[in-house]
Amino acid sequence: MRAFGWRAVVVFALLAALPLVPGVSRYYLLLAFDALLFGAIAMSLDLLMGYTGLVSFGHAAFYGLGAYATAILMERGVQSVWACVGFALLVVGLYALVVSYFATARRGIYFALLTLIFAEVVYTFFRYTQTFGGSDGIQGLPDATLFPGLVIDTPTRKYYLVLAYLAVAYAICRVLVASHFGRVLVAIRENEDRARFLGYNVQRYKMGACMISALLTGVAGAIYPMRSAFATPDLMLWTESGEFIISVMIGGLGTLVGPIIGGVFFTILRDKVSSIVDWYFIVIGVVLIVIVLFMPRGLLGLRRIFSRERATA
Amino acid sequence: MILEVDDVSKRFGALAALTRVSFGVEAGQVFSVIGPNGAGKSTLFNVVSGLFAPNTGRVRFRGEDIAGLPPERVNRLGLAKTFQITNVFPEISVLDNVRVAAQSRAPESGRPSSLWRRPDVDGTVVALLEAFGLAARGEAHAKNLSHGEQRYLEICVALATSPTLLLLDEPTAGMTPGETRDATALIRKVVLERGLTLLLIEHDMSVVMGISDRVAVLHFGEKIAEGTPDAIRHDPRVIEAYLGGGDD
(Lines give C-alpha, C1' and ligand atoms only; values in the text may rest on other atoms or scores of the structure.)
Protein backbone atom coordinates (compact mmCIF):
# COMPACT_ATOMS: atom_id res chain seq x y z
CA MET A 1 0.00 0.00 0.00
CA ARG A 2 2.87 2.36 0.81
CA ALA A 3 4.25 2.10 -2.70
CA PHE A 4 0.76 2.49 -4.07
CA GLY A 5 -0.14 5.92 -2.70
CA TRP A 6 -3.61 7.13 -1.81
CA ARG A 7 -4.31 8.63 -5.21
CA ALA A 8 -3.78 5.28 -6.88
CA VAL A 9 -6.09 3.65 -4.34
CA VAL A 10 -8.81 6.19 -5.20
CA VAL A 11 -8.34 5.68 -8.94
CA PHE A 12 -8.48 1.89 -8.64
CA ALA A 13 -11.57 2.15 -6.42
CA LEU A 14 -13.28 4.28 -9.06
CA LEU A 15 -12.26 1.84 -11.79
CA ALA A 16 -13.60 -1.02 -9.69
CA ALA A 17 -16.96 0.77 -9.49
CA LEU A 18 -17.26 1.05 -13.28
CA PRO A 19 -19.37 -2.12 -13.81
CA LEU A 20 -21.82 -0.81 -11.19
CA VAL A 21 -22.55 2.32 -13.19
CA PRO A 22 -26.02 1.97 -14.75
CA GLY A 23 -25.95 1.84 -18.53
CA VAL A 24 -22.39 0.50 -18.88
CA SER A 25 -22.92 -2.16 -21.49
CA ARG A 26 -21.02 -5.36 -22.26
CA TYR A 27 -19.44 -3.49 -25.12
CA TYR A 28 -18.02 -0.77 -22.90
CA LEU A 29 -16.76 -3.24 -20.30
CA LEU A 30 -14.87 -5.15 -22.96
CA LEU A 31 -13.51 -1.90 -24.39
CA ALA A 32 -12.40 -0.99 -20.88
CA PHE A 33 -10.73 -4.43 -20.67
CA ASP A 34 -8.77 -3.74 -23.84
CA ALA A 35 -7.89 -0.23 -22.74
CA LEU A 36 -6.56 -1.28 -19.33
CA LEU A 37 -4.67 -4.23 -20.82
CA PHE A 38 -3.03 -1.93 -23.33
CA GLY A 39 -2.25 0.51 -20.53
CA ALA A 40 -0.62 -2.26 -18.48
CA ILE A 41 1.58 -3.24 -21.42
CA ALA A 42 2.60 0.36 -22.10
CA MET A 43 3.50 0.69 -18.41
CA SER A 44 5.68 -2.44 -18.61
CA LEU A 45 7.39 -1.06 -21.69
CA ASP A 46 7.97 2.21 -19.84
CA LEU A 47 10.32 0.36 -17.47
CA LEU A 48 12.57 -0.06 -20.48
CA MET A 49 11.87 3.10 -22.47
CA GLY A 50 11.37 5.68 -19.76
CA TYR A 51 13.57 4.35 -16.97
CA THR A 52 16.38 2.43 -18.66
CA GLY A 53 16.47 4.37 -21.93
CA LEU A 54 16.04 1.29 -24.15
CA VAL A 55 13.44 1.25 -26.92
CA SER A 56 12.11 -2.23 -27.67
CA PHE A 57 10.42 -2.82 -31.02
CA GLY A 58 9.74 -6.42 -30.07
CA HIS A 59 7.25 -6.30 -27.20
CA ALA A 60 4.51 -7.73 -29.40
CA ALA A 61 6.38 -11.06 -29.32
CA PHE A 62 6.25 -11.19 -25.50
CA TYR A 63 2.57 -10.29 -25.68
CA GLY A 64 1.76 -12.80 -28.40
CA LEU A 65 3.75 -15.61 -26.79
CA GLY A 66 1.84 -15.05 -23.56
CA ALA A 67 -1.43 -15.25 -25.48
CA TYR A 68 -0.39 -18.47 -27.24
CA ALA A 69 0.71 -19.96 -23.91
CA THR A 70 -2.85 -19.59 -22.64
CA ALA A 71 -4.39 -20.74 -25.93
CA ILE A 72 -2.20 -23.86 -26.12
CA LEU A 73 -3.09 -24.90 -22.56
CA MET A 74 -6.79 -24.18 -23.02
CA GLU A 75 -6.88 -26.15 -26.23
CA ARG A 76 -5.68 -29.10 -24.17
CA GLY A 77 -8.35 -28.63 -21.55
CA VAL A 78 -6.46 -26.62 -18.94
CA GLN A 79 -8.61 -23.64 -17.99
CA SER A 80 -6.99 -22.42 -14.79
CA VAL A 81 -5.95 -18.77 -14.92
CA TRP A 82 -2.98 -19.58 -12.68
CA ALA A 83 -1.75 -22.42 -14.86
CA CYS A 84 -2.02 -20.28 -17.99
CA VAL A 85 -0.21 -17.35 -16.38
CA GLY A 86 2.46 -19.68 -15.01
CA PHE A 87 3.00 -21.29 -18.41
CA ALA A 88 3.17 -17.84 -20.04
CA LEU A 89 5.81 -16.74 -17.52
CA LEU A 90 7.85 -19.82 -18.37
CA VAL A 91 7.57 -19.49 -22.16
CA VAL A 92 8.03 -15.72 -22.28
CA GLY A 93 10.80 -15.90 -19.69
CA LEU A 94 12.84 -18.38 -21.73
CA TYR A 95 12.37 -16.39 -24.93
CA ALA A 96 13.10 -13.07 -23.18
CA LEU A 97 16.27 -14.50 -21.67
CA VAL A 98 17.65 -15.18 -25.14
CA VAL A 99 16.48 -11.87 -26.64
CA SER A 100 17.67 -9.74 -23.76
CA TYR A 101 21.04 -11.48 -23.62
CA PHE A 102 21.82 -10.64 -27.23
CA ALA A 103 19.99 -7.31 -27.51
CA THR A 104 21.54 -5.76 -24.39
CA ALA A 105 24.99 -6.51 -25.77
CA ARG A 106 24.34 -3.59 -28.15
CA ARG A 107 23.17 -0.04 -27.64
CA GLY A 108 20.65 2.36 -29.13
CA ILE A 109 19.35 1.55 -32.58
CA TYR A 110 21.05 -1.87 -32.53
CA PHE A 111 19.18 -2.85 -29.40
CA ALA A 112 15.92 -1.75 -31.04
CA LEU A 113 16.71 -3.66 -34.24
CA LEU A 114 17.67 -6.85 -32.44
CA THR A 115 14.42 -6.87 -30.46
CA LEU A 116 12.52 -6.29 -33.70
CA ILE A 117 14.30 -9.07 -35.60
CA PHE A 118 13.77 -11.62 -32.82
CA ALA A 119 10.09 -10.70 -32.70
CA GLU A 120 9.73 -11.03 -36.47
CA VAL A 121 11.23 -14.52 -36.32
CA VAL A 122 8.66 -15.52 -33.71
CA TYR A 123 5.86 -13.93 -35.74
CA THR A 124 6.96 -15.73 -38.88
CA PHE A 125 7.03 -19.06 -37.07
CA PHE A 126 3.48 -18.70 -35.77
CA ARG A 127 2.12 -17.13 -38.96
CA TYR A 128 3.72 -19.30 -41.65
CA THR A 129 3.97 -22.72 -40.06
CA GLN A 130 0.93 -24.78 -39.20
CA THR A 131 2.34 -25.75 -35.78
CA PHE A 132 -0.16 -23.58 -33.93
CA GLY A 133 -2.82 -22.98 -36.55
CA GLY A 134 -0.95 -20.69 -38.96
CA SER A 135 -2.66 -17.41 -39.77
CA ASP A 136 -5.88 -18.48 -38.02
CA GLY A 137 -4.06 -19.08 -34.77
CA ILE A 138 -5.99 -20.89 -32.08
CA GLN A 139 -9.70 -20.07 -31.99
CA GLY A 140 -12.78 -20.91 -29.96
CA LEU A 141 -11.21 -21.14 -26.54
CA PRO A 142 -13.35 -21.84 -23.46
CA ASP A 143 -13.73 -19.45 -20.51
CA ALA A 144 -10.98 -19.52 -17.92
CA THR A 145 -11.50 -20.48 -14.28
CA LEU A 146 -9.95 -18.48 -11.49
CA PHE A 147 -10.84 -20.99 -8.74
CA PRO A 148 -12.89 -24.16 -8.97
CA GLY A 149 -16.44 -22.86 -9.38
CA LEU A 150 -15.42 -19.30 -10.35
CA VAL A 151 -15.51 -19.09 -14.14
CA ILE A 152 -14.42 -15.85 -15.82
CA ASP A 153 -17.41 -15.83 -18.14
CA THR A 154 -19.15 -12.44 -17.90
CA PRO A 155 -17.72 -9.13 -19.18
CA THR A 156 -17.77 -7.86 -15.59
CA ARG A 157 -15.61 -10.72 -14.37
CA LYS A 158 -13.25 -10.31 -17.31
CA TYR A 159 -13.01 -6.63 -16.52
CA TYR A 160 -12.15 -7.34 -12.88
CA LEU A 161 -9.53 -9.84 -13.98
CA VAL A 162 -7.67 -7.25 -16.02
CA LEU A 163 -8.14 -4.59 -13.33
CA ALA A 164 -6.61 -6.91 -10.74
CA TYR A 165 -3.71 -7.58 -13.08
CA LEU A 166 -3.16 -3.87 -13.66
CA ALA A 167 -3.17 -3.21 -9.90
CA VAL A 168 -0.59 -5.92 -9.23
CA ALA A 169 1.60 -4.90 -12.16
CA TYR A 170 1.40 -1.24 -11.14
CA ALA A 171 2.42 -2.06 -7.55
CA ILE A 172 5.35 -4.14 -8.84
CA CYS A 173 6.51 -1.34 -11.13
CA ARG A 174 6.16 1.31 -8.40
CA VAL A 175 8.24 -0.71 -5.95
CA LEU A 176 10.77 -1.47 -8.65
CA VAL A 177 11.39 2.10 -9.81
CA ALA A 178 11.82 3.28 -6.21
CA SER A 179 14.25 0.45 -5.41
CA HIS A 180 18.01 0.34 -5.64
CA PHE A 181 17.61 -1.57 -8.91
CA GLY A 182 15.32 1.11 -10.31
CA ARG A 183 17.73 3.91 -9.42
CA VAL A 184 20.56 2.10 -11.19
CA LEU A 185 18.35 1.80 -14.29
CA VAL A 186 17.88 5.57 -14.29
CA ALA A 187 21.63 6.05 -13.88
CA ILE A 188 22.17 3.77 -16.89
CA ARG A 189 19.68 5.81 -18.91
CA GLU A 190 21.50 8.98 -17.91
CA ASN A 191 25.07 7.82 -18.46
CA GLU A 192 25.79 4.13 -18.81
CA ASP A 193 29.54 4.59 -19.13
CA ARG A 194 29.80 6.31 -15.78
CA ALA A 195 27.54 3.68 -14.22
CA ARG A 196 30.15 1.08 -15.18
CA PHE A 197 32.86 3.08 -13.45
CA LEU A 198 30.75 2.99 -10.27
CA GLY A 199 30.93 -0.80 -10.22
CA TYR A 200 27.67 -1.65 -11.96
CA ASN A 201 27.55 -4.46 -14.49
CA VAL A 202 25.39 -2.49 -16.89
CA GLN A 203 24.44 -5.37 -19.15
CA ARG A 204 23.14 -7.40 -16.22
CA TYR A 205 20.91 -4.52 -15.12
CA LYS A 206 19.62 -4.00 -18.65
CA MET A 207 18.87 -7.70 -18.93
CA GLY A 208 17.02 -7.56 -15.64
CA ALA A 209 14.91 -4.64 -16.83
CA CYS A 210 14.17 -6.41 -20.12
CA MET A 211 13.16 -9.60 -18.34
CA ILE A 212 10.80 -7.89 -15.91
CA SER A 213 9.23 -5.79 -18.68
CA ALA A 214 8.86 -8.86 -20.90
CA LEU A 215 7.33 -11.00 -18.14
CA LEU A 216 4.75 -8.33 -17.25
CA THR A 217 3.88 -8.00 -20.94
CA GLY A 218 3.71 -11.78 -21.26
CA VAL A 219 1.20 -12.03 -18.43
CA ALA A 220 -0.91 -9.35 -20.12
CA GLY A 221 -0.76 -11.53 -23.23
CA ALA A 222 -1.83 -14.58 -21.22
CA ILE A 223 -4.92 -12.71 -20.01
CA TYR A 224 -6.00 -11.53 -23.46
CA PRO A 225 -7.44 -14.87 -24.75
CA MET A 226 -9.50 -15.09 -21.57
CA ARG A 227 -11.53 -12.22 -23.03
CA SER A 228 -11.17 -12.80 -26.78
CA ALA A 229 -11.20 -16.64 -26.82
CA PHE A 230 -8.46 -16.71 -29.45
CA ALA A 231 -4.73 -16.14 -30.06
CA THR A 232 -3.59 -15.16 -33.53
CA PRO A 233 -0.20 -14.28 -35.01
CA ASP A 234 -1.44 -10.70 -35.55
CA LEU A 235 -0.88 -10.11 -31.85
CA MET A 236 2.85 -10.42 -32.57
CA LEU A 237 2.97 -8.16 -35.59
CA TRP A 238 5.51 -5.36 -35.34
CA THR A 239 2.79 -2.73 -35.72
CA GLU A 240 1.53 -3.95 -32.37
CA SER A 241 4.96 -3.17 -30.85
CA GLY A 242 4.73 0.22 -32.52
CA GLU A 243 1.39 0.90 -30.87
CA PHE A 244 2.86 0.05 -27.46
CA ILE A 245 5.66 2.55 -28.09
CA ILE A 246 3.18 5.19 -29.24
CA SER A 247 1.11 4.67 -26.10
CA VAL A 248 4.18 5.24 -23.92
CA MET A 249 4.99 8.42 -25.84
CA ILE A 250 1.41 9.70 -25.68
CA GLY A 251 1.25 9.18 -21.94
CA GLY A 252 4.66 10.47 -20.93
CA LEU A 253 7.97 8.62 -20.65
CA GLY A 254 9.28 7.50 -17.30
CA THR A 255 6.11 8.09 -15.30
CA LEU A 256 4.36 4.65 -15.23
CA VAL A 257 0.97 6.34 -14.82
CA GLY A 258 1.40 8.28 -18.06
CA PRO A 259 1.79 5.19 -20.26
CA ILE A 260 -1.30 3.61 -18.64
CA ILE A 261 -3.25 6.73 -19.59
CA GLY A 262 -1.59 6.65 -23.01
CA GLY A 263 -2.63 3.05 -23.60
CA VAL A 264 -6.20 3.74 -22.49
CA PHE A 265 -6.39 6.88 -24.64
CA PHE A 266 -4.99 5.10 -27.69
CA THR A 267 -7.36 2.13 -27.37
CA ILE A 268 -10.46 4.28 -26.94
CA LEU A 269 -9.43 6.67 -29.71
CA ARG A 270 -8.88 3.77 -32.10
CA ASP A 271 -12.19 2.19 -31.18
CA LYS A 272 -14.20 5.40 -31.51
CA VAL A 273 -12.63 6.65 -34.72
CA SER A 274 -12.69 3.28 -36.44
CA SER A 275 -16.41 2.96 -35.81
CA ILE A 276 -16.96 6.22 -37.70
CA VAL A 277 -14.52 6.05 -40.64
CA ASP A 278 -12.46 3.39 -42.39
CA TRP A 279 -9.41 5.59 -42.70
CA TYR A 280 -9.22 5.96 -38.95
CA PHE A 281 -5.45 5.60 -38.83
CA ILE A 282 -5.09 8.97 -40.54
CA VAL A 283 -7.11 10.61 -37.77
CA ILE A 284 -5.15 8.80 -35.09
CA GLY A 285 -1.92 9.76 -36.83
CA VAL A 286 -2.80 13.45 -36.78
CA VAL A 287 -3.73 13.31 -33.10
CA LEU A 288 -0.45 11.57 -32.30
CA ILE A 289 1.63 14.04 -34.28
CA VAL A 290 -0.01 16.91 -32.41
CA ILE A 291 0.68 15.24 -29.07
CA VAL A 292 4.30 14.44 -29.84
CA LEU A 293 4.99 17.92 -31.25
CA PHE A 294 3.17 20.03 -28.71
CA MET A 295 3.18 17.84 -25.62
CA PRO A 296 6.67 16.34 -25.49
CA ARG A 297 5.99 15.17 -21.94
CA GLY A 298 2.83 13.41 -23.05
CA LEU A 299 -0.66 13.65 -21.64
CA LEU A 300 0.66 13.45 -18.10
CA GLY A 301 2.73 16.55 -18.86
CA LEU A 302 -0.54 18.52 -18.94
CA ARG A 303 -0.57 18.16 -15.18
CA ARG A 304 2.34 20.62 -15.02
CA ILE A 305 0.47 23.22 -17.01
CA PHE A 306 -2.58 22.99 -14.74
CA SER A 307 -0.53 23.05 -11.55
CA ARG A 308 1.39 26.09 -12.78
CA GLU A 309 -1.84 27.93 -13.57
CA ARG A 310 -3.15 27.14 -10.15
CA ALA A 311 0.04 28.40 -8.59
CA THR A 312 -0.09 31.74 -10.38
CA ALA A 313 -3.83 32.23 -10.00
CA MET B 1 52.94 -0.75 -3.08
CA ILE B 2 49.24 -0.27 -3.77
CA LEU B 3 49.53 0.30 -7.52
CA GLU B 4 52.25 -1.00 -9.80
CA VAL B 5 52.35 -0.01 -13.42
CA ASP B 6 54.90 -2.25 -15.04
CA ASP B 7 56.24 -1.71 -18.54
CA VAL B 8 52.87 -0.67 -20.00
CA SER B 9 52.56 0.13 -23.69
CA LYS B 10 49.40 1.13 -25.53
CA ARG B 11 49.15 1.76 -29.24
CA PHE B 12 46.23 3.09 -31.29
CA GLY B 13 47.07 2.00 -34.81
CA ALA B 14 50.34 3.70 -35.67
CA LEU B 15 50.18 6.03 -32.68
CA ALA B 16 52.19 4.90 -29.67
CA ALA B 17 50.19 6.55 -26.90
CA LEU B 18 52.24 4.92 -24.14
CA THR B 19 55.66 3.33 -24.45
CA ARG B 20 56.99 1.11 -21.67
CA VAL B 21 55.75 3.22 -18.78
CA SER B 22 56.52 1.99 -15.26
CA PHE B 23 55.95 3.48 -11.84
CA GLY B 24 54.65 2.50 -8.44
CA VAL B 25 52.37 4.25 -5.96
CA GLU B 26 52.73 3.63 -2.21
CA ALA B 27 49.67 3.46 0.03
CA GLY B 28 48.77 6.89 1.39
CA GLN B 29 50.84 8.74 -1.21
CA VAL B 30 49.75 11.57 -3.44
CA PHE B 31 51.29 10.62 -6.76
CA SER B 32 50.96 12.92 -9.75
CA VAL B 33 51.48 12.28 -13.40
CA ILE B 34 52.13 15.44 -15.35
CA GLY B 35 52.99 16.22 -18.89
CA PRO B 36 52.04 18.53 -21.74
CA ASN B 37 48.78 17.99 -23.61
CA GLY B 38 48.86 14.81 -25.64
CA ALA B 39 51.57 13.22 -23.50
CA GLY B 40 49.47 10.11 -22.87
CA LYS B 41 48.22 10.92 -19.37
CA SER B 42 44.57 10.15 -19.98
CA THR B 43 45.45 6.98 -21.88
CA LEU B 44 47.46 5.89 -18.87
CA PHE B 45 44.41 6.49 -16.65
CA ASN B 46 42.16 4.61 -18.98
CA VAL B 47 44.50 1.63 -18.94
CA VAL B 48 44.68 1.65 -15.13
CA SER B 49 40.90 2.06 -14.66
CA GLY B 50 39.92 -0.69 -17.09
CA LEU B 51 38.67 1.16 -20.16
CA PHE B 52 41.58 0.00 -22.34
CA ALA B 53 43.62 -3.16 -22.11
CA PRO B 54 47.35 -2.42 -22.55
CA ASN B 55 49.16 -3.96 -25.53
CA THR B 56 52.00 -5.04 -23.27
CA GLY B 57 52.86 -4.78 -19.62
CA ARG B 58 51.04 -5.28 -16.36
CA VAL B 59 49.00 -3.21 -13.96
CA ARG B 60 48.79 -4.53 -10.40
CA PHE B 61 46.42 -3.11 -7.83
CA ARG B 62 47.01 -4.40 -4.28
CA GLY B 63 48.89 -7.31 -5.78
CA GLU B 64 46.16 -8.28 -8.23
CA ASP B 65 46.65 -8.05 -11.99
CA ILE B 66 43.91 -5.70 -13.24
CA ALA B 67 45.09 -4.99 -16.78
CA GLY B 68 42.17 -5.58 -19.13
CA LEU B 69 39.53 -6.05 -16.41
CA PRO B 70 36.27 -4.21 -17.20
CA PRO B 71 35.72 -0.88 -15.37
CA GLU B 72 33.02 -2.25 -13.05
CA ARG B 73 35.35 -4.97 -11.77
CA VAL B 74 38.23 -2.55 -11.29
CA ASN B 75 35.93 -0.19 -9.39
CA ARG B 76 34.74 -2.97 -7.11
CA LEU B 77 38.35 -3.73 -6.16
CA GLY B 78 38.54 -0.24 -4.67
CA LEU B 79 39.79 1.98 -7.47
CA ALA B 80 37.62 4.94 -8.49
CA LYS B 81 38.29 7.52 -11.14
CA THR B 82 36.98 10.90 -12.18
CA PHE B 83 36.86 12.24 -15.70
CA GLN B 84 38.53 15.22 -17.27
CA ILE B 85 35.23 16.22 -18.88
CA THR B 86 32.50 16.09 -16.25
CA ASN B 87 30.74 12.77 -16.58
CA VAL B 88 27.84 12.56 -14.13
CA PHE B 89 24.10 11.84 -14.41
CA PRO B 90 22.70 15.12 -15.77
CA GLU B 91 18.92 14.76 -15.39
CA ILE B 92 18.81 13.55 -11.80
CA SER B 93 19.46 15.47 -8.60
CA VAL B 94 22.86 15.97 -7.05
CA LEU B 95 21.74 13.81 -4.11
CA ASP B 96 20.63 11.01 -6.43
CA ASN B 97 23.91 11.19 -8.33
CA VAL B 98 25.91 10.51 -5.19
CA ARG B 99 23.31 8.07 -3.80
CA VAL B 100 23.44 5.78 -6.80
CA ALA B 101 27.21 5.71 -6.50
CA ALA B 102 27.16 5.02 -2.76
CA GLN B 103 24.52 2.32 -3.17
CA SER B 104 26.85 0.25 -5.32
CA ARG B 105 28.63 -0.60 -2.05
CA ALA B 106 25.48 -1.43 -0.09
CA PRO B 107 25.03 -5.10 0.87
CA GLU B 108 21.83 -5.23 -1.23
CA SER B 109 23.64 -4.31 -4.44
CA GLY B 110 23.45 -7.12 -6.98
CA ARG B 111 21.13 -9.17 -4.73
CA PRO B 112 17.46 -9.91 -5.35
CA SER B 113 16.47 -7.66 -2.43
CA SER B 114 17.73 -4.67 -4.44
CA LEU B 115 14.58 -5.09 -6.53
CA TRP B 116 12.36 -3.90 -3.68
CA ARG B 117 14.68 -2.21 -1.20
CA ARG B 118 16.61 1.00 -1.40
CA PRO B 119 19.53 1.01 1.01
CA ASP B 120 19.86 4.13 3.14
CA VAL B 121 23.17 5.72 2.29
CA ASP B 122 22.20 9.29 3.06
CA GLY B 123 24.68 9.57 5.93
CA THR B 124 27.60 8.95 3.57
CA VAL B 125 26.07 11.06 0.83
CA VAL B 126 25.37 14.14 2.94
CA ALA B 127 28.84 13.96 4.53
CA LEU B 128 30.42 13.97 1.07
CA LEU B 129 28.27 16.82 -0.20
CA GLU B 130 29.09 18.84 2.92
CA ALA B 131 32.82 18.22 2.50
CA PHE B 132 32.63 19.70 -0.99
CA GLY B 133 30.21 22.52 -0.18
CA LEU B 134 27.39 21.02 -2.24
CA ALA B 135 24.96 20.25 0.60
CA ALA B 136 22.72 23.19 -0.26
CA ARG B 137 22.53 22.09 -3.90
CA GLY B 138 21.33 18.55 -3.17
CA GLU B 139 17.97 18.90 -4.89
CA ALA B 140 19.31 20.62 -8.02
CA HIS B 141 19.69 18.64 -11.23
CA ALA B 142 23.34 17.92 -11.90
CA LYS B 143 23.19 19.68 -15.27
CA ASN B 144 22.16 22.93 -13.55
CA LEU B 145 25.28 23.17 -11.38
CA SER B 146 28.00 25.69 -12.13
CA HIS B 147 31.16 24.38 -13.73
CA GLY B 148 33.07 24.40 -10.46
CA GLU B 149 30.24 22.62 -8.64
CA GLN B 150 30.10 19.97 -11.35
CA ARG B 151 33.83 19.34 -10.94
CA TYR B 152 33.25 18.75 -7.22
CA LEU B 153 30.24 16.52 -7.89
CA GLU B 154 32.44 14.49 -10.22
CA ILE B 155 34.78 13.82 -7.27
CA CYS B 156 31.90 13.14 -4.84
CA VAL B 157 30.46 10.50 -7.16
CA ALA B 158 33.81 8.71 -7.36
CA LEU B 159 34.42 8.96 -3.60
CA ALA B 160 30.96 7.58 -2.83
CA THR B 161 32.11 4.15 -4.01
CA SER B 162 34.56 4.15 -1.02
CA PRO B 163 37.77 3.62 -3.00
CA THR B 164 41.18 3.02 -1.49
CA LEU B 165 42.83 4.52 -4.56
CA LEU B 166 41.36 7.61 -6.20
CA LEU B 167 42.33 8.61 -9.72
CA LEU B 168 41.64 12.25 -10.52
CA ASP B 169 41.94 13.28 -14.15
CA GLU B 170 42.63 17.04 -14.20
CA PRO B 171 40.15 17.81 -11.40
CA THR B 172 40.63 21.55 -11.79
CA ALA B 173 40.16 21.61 -15.58
CA GLY B 174 38.42 24.83 -16.61
CA MET B 175 38.70 26.48 -13.17
CA THR B 176 40.08 29.96 -12.57
CA PRO B 177 43.43 30.19 -10.75
CA GLY B 178 41.61 31.12 -7.53
CA GLU B 179 39.19 28.19 -7.79
CA THR B 180 42.10 25.91 -8.66
CA ARG B 181 43.91 26.89 -5.47
CA ASP B 182 40.82 26.24 -3.32
CA ALA B 183 40.05 22.97 -5.07
CA THR B 184 43.60 21.71 -4.68
CA ALA B 185 43.60 22.47 -0.95
CA LEU B 186 40.20 20.82 -0.52
CA ILE B 187 41.22 17.67 -2.40
CA ARG B 188 44.36 17.41 -0.30
CA LYS B 189 42.31 17.76 2.88
CA VAL B 190 39.72 15.16 1.94
CA VAL B 191 42.35 12.68 0.79
CA LEU B 192 44.22 13.02 4.09
CA GLU B 193 41.06 12.76 6.20
CA ARG B 194 39.97 9.61 4.45
CA GLY B 195 43.40 8.04 4.35
CA LEU B 196 43.20 7.63 0.58
CA THR B 197 45.90 7.09 -1.94
CA LEU B 198 45.66 9.61 -4.75
CA LEU B 199 46.85 9.32 -8.31
CA LEU B 200 46.46 12.69 -9.94
CA ILE B 201 46.81 13.65 -13.56
CA GLU B 202 47.58 17.25 -14.26
CA HIS B 203 48.51 19.40 -17.10
CA ASP B 204 49.02 22.45 -14.89
CA MET B 205 52.30 21.98 -13.00
CA SER B 206 51.46 24.52 -10.30
CA VAL B 207 48.55 22.37 -9.10
CA VAL B 208 50.60 19.28 -8.38
CA MET B 209 53.71 20.80 -6.87
CA GLY B 210 51.99 21.83 -3.65
CA ILE B 211 50.20 18.58 -2.89
CA SER B 212 52.24 15.72 -4.37
CA ASP B 213 54.61 13.39 -2.58
CA ARG B 214 55.95 12.14 -5.87
CA VAL B 215 55.66 13.23 -9.49
CA ALA B 216 56.18 11.37 -12.76
CA VAL B 217 56.48 13.22 -16.05
CA LEU B 218 55.15 11.86 -19.32
CA HIS B 219 56.26 13.22 -22.67
CA PHE B 220 55.12 11.76 -25.99
CA GLY B 221 53.98 8.61 -24.20
CA GLU B 222 57.24 7.97 -22.37
CA LYS B 223 58.13 8.58 -18.76
CA ILE B 224 61.02 11.03 -18.83
CA ALA B 225 61.39 11.70 -15.12
CA GLU B 226 60.14 10.73 -11.67
CA GLY B 227 60.92 12.15 -8.26
CA THR B 228 59.91 14.61 -5.56
CA PRO B 229 58.26 17.83 -6.71
CA ASP B 230 61.47 19.72 -6.01
CA ALA B 231 63.62 17.38 -8.04
CA ILE B 232 61.13 17.49 -10.91
CA ARG B 233 61.00 21.28 -10.89
CA HIS B 234 64.73 21.44 -11.52
CA ASP B 235 65.03 18.49 -13.89
CA PRO B 236 66.40 19.78 -17.20
CA ARG B 237 64.45 17.17 -19.25
CA VAL B 238 61.22 18.32 -17.69
CA ILE B 239 61.96 21.97 -18.33
CA GLU B 240 62.83 21.08 -21.91
CA ALA B 241 59.56 19.13 -22.33
CA TYR B 242 57.43 21.95 -20.99
CA LEU B 243 59.27 24.83 -22.63
CA GLY B 244 60.40 23.06 -25.76
CA GLY B 245 58.29 21.51 -28.53
CA GLY B 246 55.05 19.64 -28.07
CA ASP B 247 53.56 22.07 -25.56
CA ASP B 248 50.20 23.73 -25.92
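This is a predicted model: local features need pLDDT of at least 70, side-chain atom pairs count only at pLDDT 80 or more; totals for chains, interfaces and linings use all residues.

Between chain A and chain B there are three salt bridges, the term being used for a side-chain nitrogen of Lys or Arg within 4 Å of a carboxyl oxygen of Asp or Glu. In one of them Glu154(B) pairs with Arg194(A), with the closest N and O atoms 2.5 Å apart.

Residues are numbered from 1 along each chain as its sequence is written, chains are lettered from A and ligands numbered from 1 in the order in which they are written, and side-chain values use heavy atoms, with hydrogens and water left out.

Staying with the two chains, 21 residue pairs are in polar contact, both residues being at pLDDT 80 or more; here a polar contact is a pair of N or O atoms within 3.5 Å, where within protein one must be able to donate a hydrogen and the other to accept it, and residues adjacent in sequence count only if both atoms are side-chain atoms. On the side of chain A that touches chain B, two or more residues each come from α6 (155-178), α7 (180-197) and α8 (202-223) of chain A, these helices being DSSP runs of H or I with at least four residues, and strands runs of E with at least two, numbered from the N terminus. The largest share, 13 residues, belongs to α7(A).

In total, 24 residues of chain A and 34 residues of chain B take part in the contact, meaning heavy atoms within 4.5 Å. The buried area is about 2,400 Å², with 59% from carbon and sulfur atoms; this is the accessible area (1.4 Å probe) that two parts lose on being put together, summed over both. Of what chain A buries against chain B, His180(A), Arg194(A) and Phe197(A) supply 32%, more than any other three residues.

Now to the inside of chain B, which is divided into domain 1 (1-78 + 166-179 + 199-248) and domain 2 (88-162), with bounds from an automatic or database domain assignment. How many salt bridges lie between domain 1 and domain 2 of chain B? The count is zero, although five residue pairs are in polar contact across that interface. On the domain 1 side, α2 (71-76) and β7 (165-169) of chain B each supply at least two residues, and β7(B) gives the most, with three.
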